[in-house]
Amino acid sequence: MEHAVEATLTVNGKQVRRRIEPRMHLVDFLREELGLTGSHLGCEHGVCGACTVRVNGQIVRGCLMLAVQADGCAVETIEGLSDSKELGKLQKAFHEKNALQCGFCTPGMLMAAQDLVLQKQKVDREKIRAHISGNYCRCTGYQAIVDAIDEVINGKG
Ligand code: FES
Ligand code: FES
């Protein structure tokens with residue numbers, strides 16, 4: 001930690017001040033330093049979406065952003081959304097529609113889906129697919145995931 005930089009982040013509403021190694025990615029910081037292992041690490045190259053978190057209200061890839069770049073920012077992870085109304089509805093719909101199997105993609109998928117729900121727009125299945133197109137799922141074939149999000153946004157499966 002010789003070259004560590006001091007940074008202050010607000011993570012799920014709590015202020016966190018740490019000395020951070022400059023090359024550490026945000027998702028590694030969240031997982032290793034804060035124990036927030038709900039954000040998963042898949043490709044580590046910004047492709048799979050498993051590491052999706054929200055920074056200052058924007059969905060970002062936690063494996064592409066350095067933790068020190070989040071200095072002064074508000075970071076939300078799946079753990080911080082566990083009490084949110086939208087997430088509760090999405091989790092119920094994912095469960096009912098069998099929209100998860102191994103669950104590896106699920107936290108990132110839920111973060112992306114919640115982002116769409118928060119936009120409060122009527123969206124068709126094509127738009128739902130486009131919105132989650134950066135989140136890979138190897139198990140479900142996406143149909144059930146789109147069903148679940150469609151159910152929450154449009155009240156149908
Ligand atoms: S681990 Fe970040 S996009 Fe795949
Ligand atoms: S449920 Fe296994 S990767 Fe999506």
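The axes of helix H2 (residues 85-96) and helix H5 come within 8 Å and cross at roughly 135°. In this predicted model, H2 and H5 are therefore oblique to each other, and their crossing is right-handed. From H2, the residues Lys89, Leu90, Ala93 and Phe94 meet Ile145, Ala148, Ile149, Glu151 and Val152 of H5. By class, this contact of H2 with H5 comprises 7 nonpolar, no polar and 2 charged residues.

The crossing of H3 and H5 is right-handed. On the H3 side, Met109, Ala113, Leu116 and Val117 take part, and they meet Ile145, Ile149, Val152 and Ile153 in H5. The contact of H3 with H5 has 8 nonpolar residues, no polar ones and no charged ones.

The remaining pairing to be described is that of H2 with H3. These two helices pack at an angle of about 125°, and their axes are 10 Å apart. This angle makes H2 oblique to H3, and the crossing of the two is right-handed. H2 contributes Glu86, Leu87, Leu90, Gln91 and Phe94, while H3 contributes Thr106, Met109, Leu110, Ala113, Gln114, Val117 and Leu118. Divided by class, the residues of the contact of H2 with H3 are 8 nonpolar, 3 polar and 1 charged.

| Helix pair | Angle between axes | Axis separation |
|---|---|---|
| H2 and H5 | roughly 135° | within 8 Å |
| H2 and H3 | about 125° | 10 Å |

An α-helix has 3.6 residues a turn, so residues three or four places apart point the same way.

The domain assignment of the chain gives domain 1 (5-81) and domain 2 (86-154). The C-alpha centres of the two domains lie 22 Å apart, and the contact takes 18 residues from domain 1 and 14 residues from domain 2.

Serine 82 is found in the loop between strand E5 and H2. With a relative accessible area of 45%, serine 82 is partly exposed. The C-alpha atom of serine 82 is separated by 14 Å from that of alanine 112, a residue 30 positions away along the chain.

## Helix H1 and the strands

In helix H1 (residues 26-33), the residues Leu26, Val27, Asp28, Phe29 and Leu30 are buried. The buried residues of H1 pack against strand E1 (5-11), strand E2 (14-20), strand E3 (52-55) and strand E5 (74-76).

The loop between E1 and E2 holds asparagine 12. At 26% relative accessibility, asparagine 12 counts as partly exposed. The C-alpha atoms of asparagine 12 and valine 75 are separated by 6.2 Å, although the two residues are 63 residues apart along the chain. Beyond its neighbours within four places in sequence, asparagine 12 is in contact with Leu36, Val75, Glu76, Thr77, Glu79 and Gly80.

Most residues other than glycine have a negative phi. Asparagine 56, which lies in the loop between E3 and strand E4 (58-61), has a positive phi near 50°. Lysine 120 is not a glycine either, and its phi is positive, at about 50°. The place of lysine 120 is in the loop between H3 and helix H4 (125-131). At 67% relative accessibility, lysine 120 counts as exposed.

Methods:
Residues are numbered from 1 along each chain as its sequence is written. Chains are lettered from A and ligands numbered from 1 in the order in which they are written. This is a predicted model: local features need pLDDT of at least 70, side-chain atom pairs count only at pLDDT 80 or more; totals for chains, interfaces and linings use all residues. Side-chain values use heavy atoms; hydrogens and water are left out. A crossing is left-handed if the near helix is turned anticlockwise from the far one by less than a right angle, and right-handed if clockwise. Helices (H or I, at least four residues) and strands (E, at least two) are DSSP runs, numbered from the N terminus. Contact means heavy atoms within 4.5 Å. Ala, Val, Leu, Ile, Met, Phe, Trp, Tyr, Cys and Pro count as nonpolar, Asp, Glu, Lys and Arg as charged, and the others, Gly among them, as polar. Buried means under 20% relative accessible area, exposed over 50%, partly exposed in between (1.4 Å probe, protein chains only). Domain bounds come from an automatic or database domain assignment. Axes are lines fitted to C-alpha atoms, for helices over the stretch in contact, and angles run from 0 to 180 degrees between N-to-C directions. Angles under 35 degrees count as roughly parallel, over 145 as roughly antiparallel, 65 to 115 as roughly perpendicular and the rest as oblique.
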